[in-house]
Amino acid sequence: MTQPLLPKIFKDRLTTTDELGHRVRVIPAKVQGRFQKAKDKIHFLLVGFFLALPWLTVHGAPALQLNVPQRRFFLLGHLFLPQDVPGLFFVVGSFALALVFVSAIWGRVWCGWACPQTVFIEGFFRRVERWVEGNHLQQRELDKQPWGAKKISLKSLKWALFILGSAAITHSFLALFMGGENVARMIIRPPSENPGSFAVVAVSTLIVLLDFGWFREQFCLIACPYGRFQSVMMDEQSVTIAYDSKRGEPRKILKPEAGAVQAATGDCINCVKCVRVCPTGIDIRNGFQMECIACTACIDVCDEVMEKIGKPKGLIRYASDAELRGEKQKFFRPRVVVYGALLILMFTGLGFRLASQQIFQTEILRAIDTPYQVVVNPDGRRMVINHFKVNWSNVSAYDASVEIVLPKRLQGDGFELIQAQKVFKVLSGQGERNQFFLKFPVEFLQSHSAKVQLEDRWQTNEGEHANKAEVTVVGPDQHI
Ligand code: SF4
Ligand code: SF4
């Protein structure tokens with residue numbers, strides 16, 4: 001069933017269900033206007049951005065990746081591991097607080113302008129639908145027609161294009177979780193070689209297809225957690241899409257038995273164009289509603305109407321409740337200040353965490369066996385040998401090779417590093433172990449111990465990093 005062209009009742013049920021609770025399909029009319037033009041451009045860019053995002057890199061590392069199988073999270077080229085609780089706290093906290101802060105000021109602006117749900121539906125699925133089936137009236141007409149050759153071919157073409165679009169989105173989406181290279185490898189291999197991955201892609205494509213192609217606004221109205229929380233984040237000073245009821249008499253909540261459309265009053269001519277363009281099927285004249293995703297379509301269409309009838313634009317506009325009541329619009333208010341302060345704290349914490357993190361970590365421990373051995377070189381020089389173990393952790397976004405080396409000033413002074421393997425490969429997000437013996441002349445010891453500065457050199461595609469690693473060597477007391 002499709003949505004009736006004229007709204008009848010309000011608040012006795014969801015706008016997208018009928019009396020029996022069946023889904024009412026919303027087919028919004030296409031609208032032109034300044035916000036829609038801006039949104040079309042932004043959505044076009046965002047469709048490209050979201051599809052390309054898993055393959056974007058920063059200094060050779062993924063710009064964004066939540067690699068679940070390998071338990072690694074990349075943000076702007078930085079690697080966060082599951083055990084990095086502070087880092088993940090600051091990342092998640094910054095994102096959540098940014099959303100809360102923006103919502104407190106501009107309401108659900110994220111939903112209407114940048115949410116992938118809106119971006120893909122408006123930027124691809126609705127465009128395909130209009131291209132194949134025509135405008136909203138033609139689509140309604142087609143829906144009413146009995147199944148015949150024309151209807152079957154148009155619907156088949158539309159859903160075929162939807163499947164292609166869903167498959168492209170799914171691959172990009174999965175690449176965010178599995179890494180672009182893994183997904184590319186999956187694409188070029190036949191499904192028989194990779195049945196598990198193929199099943200994941202197929203099921204994910206089906207979910208994306210059903211969401212963007214079928215459920216659409218239902219996801220925003222029923223499933224989206226952000227939509228459920230929005231009223232907690234906002235207050236009467238938050239700017240939302242609002243109908244100026246002072247210019248058009250406030251609509252009364254019509255009882256179901258009233259049945260009829262309310263008569264036109266004030267500047268509003270009751271053309272219901274604002275309802276026909278609404279992707280969630282609501283009538284914004286009934287006041288702010290949780291279902292409004294701030295898409296601005298009703299602003300543009302109403303401005304068009306106002307222009308035609310010679311009234312000032314802005315009967316529906318971005319406005320706060322307070323402003324509509326004639327009160328002064330306040331930007332700084334306790335909620336905005338608190339959210340803003342917390343957001344600054346989160347960003348500061350994240351910045352500090354990124355700046356201070358040692359991404360190549362080396363831990364050198366004394367081996368728990370004989371503390372030292374004394375040997376005599378063929379030239380008669382007495383030498384001491386100490387045994388050490390090394391733990392390397394690579395928390396950078398790059399694979400690296402690492403080796404422990406003696407600083408130049410100790411080389412040729414009788415010092416020697418004895419190890420079975422010199423260079424080790426340490427993959428990004430992983431660790432490696434080694435052990436070595438350090439041989440040095442007994443006269444190096446001041447008493448029975450001394451400090452030795454070693455270096456560990458990390459080599460990645462992005463360059464070389466050298467850490468200083470100090471160890472304490474022990475041997476026979478020189479004063480005895
Ligand atoms: S588009 Fe404007 S004039 Fe037409 S019904 Fe909506 S608010 Fe009234
Ligand atoms: S009420 Fe207006 S801004 Fe809100 S979803 Fe409907 S058309 Fe978009």
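I count a residue as near a molecule if one of its heavy atoms lies within 4 Å of it. The model is predicted, so I kept to pLDDT of at least 70 for local features and 80 or more for side-chain atom pairs, while totals for chains, interfaces and linings use all residues. Residues are numbered from 1 along each chain, chains are lettered from A and ligands numbered from 1 as written, and side-chain values use heavy atoms, without hydrogens and water.

**Ligand 1.** I looked up the shell and found, among others, Cys-268, Cys-271, Cys-274 and Cys-302, with Asn-270, Val-272 and Arg-285 also on the list. The shell divides into ten nonpolar residues, one polar and one charged (Ala, Val, Leu, Ile, Met, Phe, Trp, Tyr, Cys and Pro are nonpolar; Asp, Glu, Lys and Arg charged; the others, Gly among them, polar).

**Two shell residues.** I checked Asn-270 and found a positive phi of about 55°, although Asn-270 is not a glycine. Asn-270 sits in the loop between β6 (240-243) and α11 (273-276) (DSSP runs numbered from the N terminus: helices H or I of at least four residues, strands E of at least two). Asn-270 is buried at 16% relative accessible area (buried is under 20%, exposed over 50%, partly exposed in between, with a 1.4 Å probe and protein chains only). Val-272 lies in the loop between β6 and α11 too, has phi near 50° and is buried at 1%.

**A sheet.** I then traced an open, antiparallel sheet of four strands, in the order β13-β11-β15-β16 (strands pair if DSSP finds at least two bridges between them). Its edge strands are β13 (424-426) and β16 (463-474). Strand β11 (residues 400-405) pairs with β13 over three bridges, and I noted Val-426 as the bridge partner of Ala-400.
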